[in-house]
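Here's a quick walk through a few spots worth a look. Have the viewer open while you read.

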Amino acid sequence: MKLLVLNGPNLNLLGTREPGIYGSQTFEDYFKNLTKKFSGVALSYKQSNHEGELVTIIQQADGMYDGIVLNAAAYTHTSVAIGDAIKAVGVPVVEVHISNTFAREAFRHHSFISPNAKGVILGFGLQSYDLAIQSFL
Ligand code: CA2
């Protein structure tokens, strides 16, 4: 099984700021543990701060991966383009969030990803990514 873990804007800052919300581990360190834990899965990781680049990565993932674990970060709540890209490709997407977006500001309660996602996992810290991978297995 080949899975792509795809992170959106500012998630490259994990572990450096706002530890109360997002924890104190960098994503790179966490991802190393994920690859060990899921050694039978071919896991790739990409991150971009750019909406169009995320759209391109999703398009290119079609036929290359069995699934995408996507945290589109703030673009979750704004990006029609990312929602459309997911709808356009055949590759299943599981939406993840580190925080419980429903326990936060009202603007985080809407997602352009969810209607086109296979499922949504949120609020379990970085463990949300573990759970999303397990959902594909
Ligand atoms: O909880 C999540 O995973 C979010 O997708 C994170 C986004 C936020 O806009 C979504 O509403 C929920 C923000 C990512 C910003 O990440 C940072 C990490 C460290 C320091 C500052 C920002």
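E18 sits in the loop that runs between β1 and α1. Bear in mind that this is a predicted model. What does the backbone do at E18? Its phi is near 50°, which is a positive value in a residue other than glycine.

N10 is found in the loop between β1 and α1 (19-22). N10 isn't a glycine either, yet its phi is positive, at about 75°. Here are the two loop residues side by side:

| Residue | Phi | Source of interest |
|---|---|---|
| N10 | about 75° | positive phi, not a glycine |
| E18 | near 50° | positive phi, not a glycine |

Now for the helices. Take α2, which covers residues 27-37, and α5, which covers residues 127-136: their axes come within 11 Å and cross at roughly 30°. Angles under 35 degrees count as roughly parallel, so that is the label for α2 and α5. The handedness of the α2 and α5 crossing is right-handed.

Which residues make the contact? On the α2 side you'll find F27, Y30, L34 and K37, and they meet Q127, Y129, D130, I133 and Q134 of α5. Sorted by class, this contact of α2 with α5 has 5 nonpolar, 2 polar and 2 charged residues.

Is H97 buried or exposed? With a relative accessible area of 5%, H97 is buried, because the cut-off for that is under 20%. The side chain of H97 also has a polar contact of 3.5 Å with the side chain of N71. If you skip the neighbours within four places in sequence, H97 is in contact with N71, T76, I121, L122, G123, F124, G125 and S128.

Definitions and conventions. Residues numbered from 1 in each chain as written. Predicted model: local features only at pLDDT ≥ 70, side-chain atom pairs only at ≥ 80, totals over all residues. Heavy atoms only, no water. Buried < 20%, exposed > 50% of the residue type's maximum accessible area, 1.4 Å probe, protein only. Polar contact = N/O pair within 3.5 Å; in protein donor to acceptor, adjacent residues only side chain to side chain. Contact = heavy atoms within 4.5 Å. Axes fitted to C-alpha atoms, helices over the stretch in contact; angles between N-to-C directions. Helix = DSSP H or I, 4+ residues; strand = E, 2+ residues; numbered from the N terminus. Parallel < 35°, antiparallel > 145°, perpendicular 65-115°, else oblique. Left-handed = near helix turned anticlockwise from the far one by under 90°. Nonpolar A, V, L, I, M, F, W, Y, C, P; charged D, E, K, R; others polar.
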